[in-house]
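Keep the model open while reading.

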Amino acid sequence: MNKNSQQIFVLDSTVFIRLDFPGLQTLRVRKFMTVNSVLQELKDFRSKMNSDVMLQTNKLKVSSPDPLIIETVKNKILELDPKTRLSKTDIEVLSLAKQEGGVLVTNDLALQNIAKQIRIPIYVISGKEITEIRKTYLKCKNCKTVIRGSHQHCPDCGGEVKEYFSKENLSK
Ligand SMILES: [Zn+2]
């Protein structure tokens, strides 16, 4: 993350509960943004209060990413992880960060993992920041071919497809 220029921070639902707003403002943030579905997901009192304060003081802009960007991001995620468990909201948050060239603020490890792979900078408020990327890939149990994209069966031999993981360390 480039600390010398002002950034757009895109907030996901995991960060509102312990949102240290004065602390965040020292980070040269140009704008805080989120998507409507994130606000809908906030259930606990603290998260709702923090988001309400930010909305009422015009510190948080709610926006919807371009559907074409959502589609591109979604396809990219499915390519990287065909059995992704990321929600529609997660995909929207990633898409907004991509669209705005912003920093994704999240404590969610699965979201960090994908953000790193699609080159979205992340900022972790509390909780831990991932130190390695977990990559998912599919491989045919029969002919051992590594398969790209989402497939139920091997495109080469029609064999059964299995999900594997590899890890890649992130150097700081
Ligand atoms: Zn095969």
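## Terms and basis

Buried means under 20% relative accessible area, exposed means over 50%, and partly exposed lies in between (1.4 Å probe, protein chains only). This is a predicted model: local features need pLDDT of at least 70, side-chain atom pairs count only at pLDDT 80 or more, and totals for chains, interfaces and linings use all residues. Residues are numbered from 1 along each chain as its sequence is written, and side-chain values use heavy atoms, without hydrogens and water.

## The sheet

Helices (H or I, at least four residues) and strands (E, at least two) are DSSP runs, numbered from the N terminus. Two strands pair if DSSP finds at least two bridges between them. Five strands form an open sheet in the order β3-β2-β1-β4-β5, with parallel pairing. Its edge strands are β3 (60-62) and β5 (122-123), each pairing on one side only.

## Strand β1

Strand β1 (residues 7-11) is largely enclosed by the rest of the structure, because 5 of its 5 residues are buried. Gln7, Phe9 and Leu11 lie on one side, Ile8 and Val10 on the other.

To β2 (residues 29-34), β1 is joined by 4 bridges. Ile8 stands opposite Lys31 there. To β4 (residues 103-105), 3 bridges join β1. Here Val10 faces Leu104.

Helix α3 (residues 45-56) contains Met49. Met49 is partly exposed, at a relative accessible area of 36%.
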